[in-house]
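Subject: Structure for you to look at

Hello,

I am passing on the structure we spoke of. My notes on it follow below.

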Amino acid sequence: MNIFLLLSLLLLPIFFLLTRRGKPLKRVPPGSLGIPILGQSLGLLRAMRTNTAEKWMAERAKRYGPISKMSLFGKPTVFIYGQAANKFVFTSDGSKLSNQQTDSVRMILGDRCLLELSGEDHKRVRNALSSFLKPDSLKNYVGKIEDEVMRHLEMHWQGKQKVTVLPLMKTLTFNIICSLLFGLERGARRDAFVEYFQQMIEGMWSIPINMPFTRFNRSLKASAKVQKMLRDLICEKRSELEKGAPPHQDLITCLLSIRGNDNNELVSEDEIIHNVMLIMVAGHDTSSVLITFIIRLLANDKTILEAVLKEQEEIRNSKLSRELLTWEDLGKMKYTWRVAMETLRTTPPIFGGFRKTVEDIEYEGYLIPKGWQIFWVTSMTHMDGDIFPEPSKFDPDRFGNAAAIPPYCFVPFGGGPRICPGYEFAKIETLVTIHPLITHFTWKLCCKDDSFRRDPMPVPTQGLPVQLVSKKLL
Ligand code: HEM
């Protein structure tokens, strides 16, 4: 046989192995997938618990560069970071990247919540939620939120010498969501709801094996009870609407009142229930962490405390005693919101997130195979000295001109079509809570150990106990 023919026959399989449709195959990114199933999960979780996750990620980046592979939570994962990487994650459409949640989250929150939806369904449900969560609509509820805050402070802060901030802030943000978004007023029903809800979230980050007496099993049962209560609530809201109740009194009523071209409800009952559960989880944990870390900062930094106090007292002095805050007042709280933004930069409540590749993807010269996870991490751009000079310094004035911050670099709320729809809601809650706190109380940290761990949200040592002094009655 001709030697060239023989060589071609021998090399043909190798050619097919190395190419796909004639194109040379790219390499997958550098790094190791680690031990099967466990991969690097334990290392990352350990780093989160000891508050060294940022260092853990930075060491990886130093070793492998801006793109590397690992294995997290049983799945091959590519970690990418930087402005271009954030843009790629946040703006890629559903044909390239889809949202990626753990099985336990999907089974507990349901398969019609925003995290599970894509394309036109995602747009339809998100637009419906945003019609209530947009500033034009929320500005009418500043007084109602303040009402919840004042009641909370009277019950849990006034007259107390010591309080633990994080659990109290969770109670407060949960109550605000119950009253404003679900129209669920105080009473036995709300108390039962809180109890089931707590059980429900306890199993959200557990291994999804549904065996009796496991956390996950308890969580699934609680989720079924929460869903049943929401179904009853929807029934009541629907009949109130039919009797002429205003469509914008709460989020559920608002969603029920939105009609499609055929005059049917645009958002199905399952979609309302699953998204209400998502909002309970996404909305109360995150804002409570932000407010807690602002309170911690104000105890540690006298100069910033004085500047925030000055701004808030000017607003208080411009109002009659007990006069409620307005949307215009919030617009004057510019410095306080800069402090909140800098808190979100230095301690983002959401560490990062996952997407999944829908097809083989080429990124920065590497192949990311179909079905792999992509892991984006908030702090990698937030702590980049080229974007935020002296990144470890707490400096609210960085946000004096927010437009000067390059796009996709400050991402505590994500970006693109899945950017957090609760941004304005979180802003109102934060400003309305800080106002009476700083004008009525002073506080000192009780714990000598002023550090925190991630669980996966940042949790200050012992939940941040503070010693409290009331300056004047509420
Ligand atoms: C400080 C407070 C908050 C922070 C830092 C925060 C952060 C985030 C982040 C990082 C995402 C993921 C974006 C992505 O994957 O691209 C997200 C999504 C989401 N957030 Fe927030 N959030 C906060 C408050 C809220 C509030 C108050 C609500 C509701 C009232 C809310 C509702 C949601 C929902 C429904 C999603 C899913 C959006 C989608 O997939 O289209 N969040 N949030």
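Which residues have the most contacts inside the largest nonpolar core? In this predicted model, they are Ile177, Phe182, Ile252, Val276, Leu290 and Ile294, and the core as a whole has 75 residues. Helix α13 (residues 269-300) supplies the largest share of the core, 15 residues. Leaving aside residues up to four places away in sequence, Val276 touches Phe182, Leu230 and Ile252. Another core, of 23 residues, lies apart from this one; Met70, Val78, Ile368 and Phe375 are among its members.

Helices α13 and α18

These two helices pack at an angle of about 35°, and their axes are 10 Å apart. The crossing is right-handed. On the α13 side, the residues that take part are Gly283, Thr286, Ser287, Leu290, Ile291, Ile294 and Leu298. They meet Phe425, Ala426, Glu429, Thr430, Thr433, Ile434 and Ile438 of α18.

Asp301 is in the loop between α13 and α14. Asp301 has 15 other C-beta atoms within 10 Å, so it counts as partly exposed.

Helix α14

Helix α14 covers residues 302-317; at 1.5 Å a residue, its 16 residues should span 22 Å, and the end C-alpha atoms are 22 Å apart, in agreement. Its buried residues are Ile304, Val308, Glu311 and Gln312. Seen down the helix axis, these fall within an arc of 90°, so they line one face of α14. An α-helix has 3.6 residues a turn, so residues three or four places apart point the same way. Lys302, Thr303, Glu306, Lys310, Glu314 and Asn317, on the other side of α14, are exposed. The buried residues of α14 pack against α13, α16 (334-346) and α18 (423-440).

Helix α16

The 13 residues of α16 should span 18 Å at 1.5 Å a residue, and the end C-alpha atoms are 19 Å apart, which agrees. Buried in this helix are Thr336, Arg338, Val339, Ala340, Glu342, Thr343, Leu344 and Arg345. These buried residues pack against α13, α14, α17 (379-382) and α18.

Regards

Methods: Residues numbered from 1 in each chain as written. Predicted model: local features only at pLDDT ≥ 70, side-chain atom pairs only at ≥ 80, totals over all residues. Core = buried A, V, L, I, M, F, W, Y, C linked by C-beta atoms within 7 Å. Buried ≥ 20, exposed ≤ 12 C-beta atoms within 10 Å, placed from the backbone. Helix = DSSP H or I, 4+ residues; strand = E, 2+ residues; numbered from the N terminus. Contact = placed C-beta atoms within 7 Å. Expected span 1.5 Å × (residues − 1). Arc of directions from axis to C-beta. Axes fitted to C-alpha atoms, helices over the stretch in contact; angles between N-to-C directions. Left-handed = near helix turned anticlockwise from the far one by under 90°.
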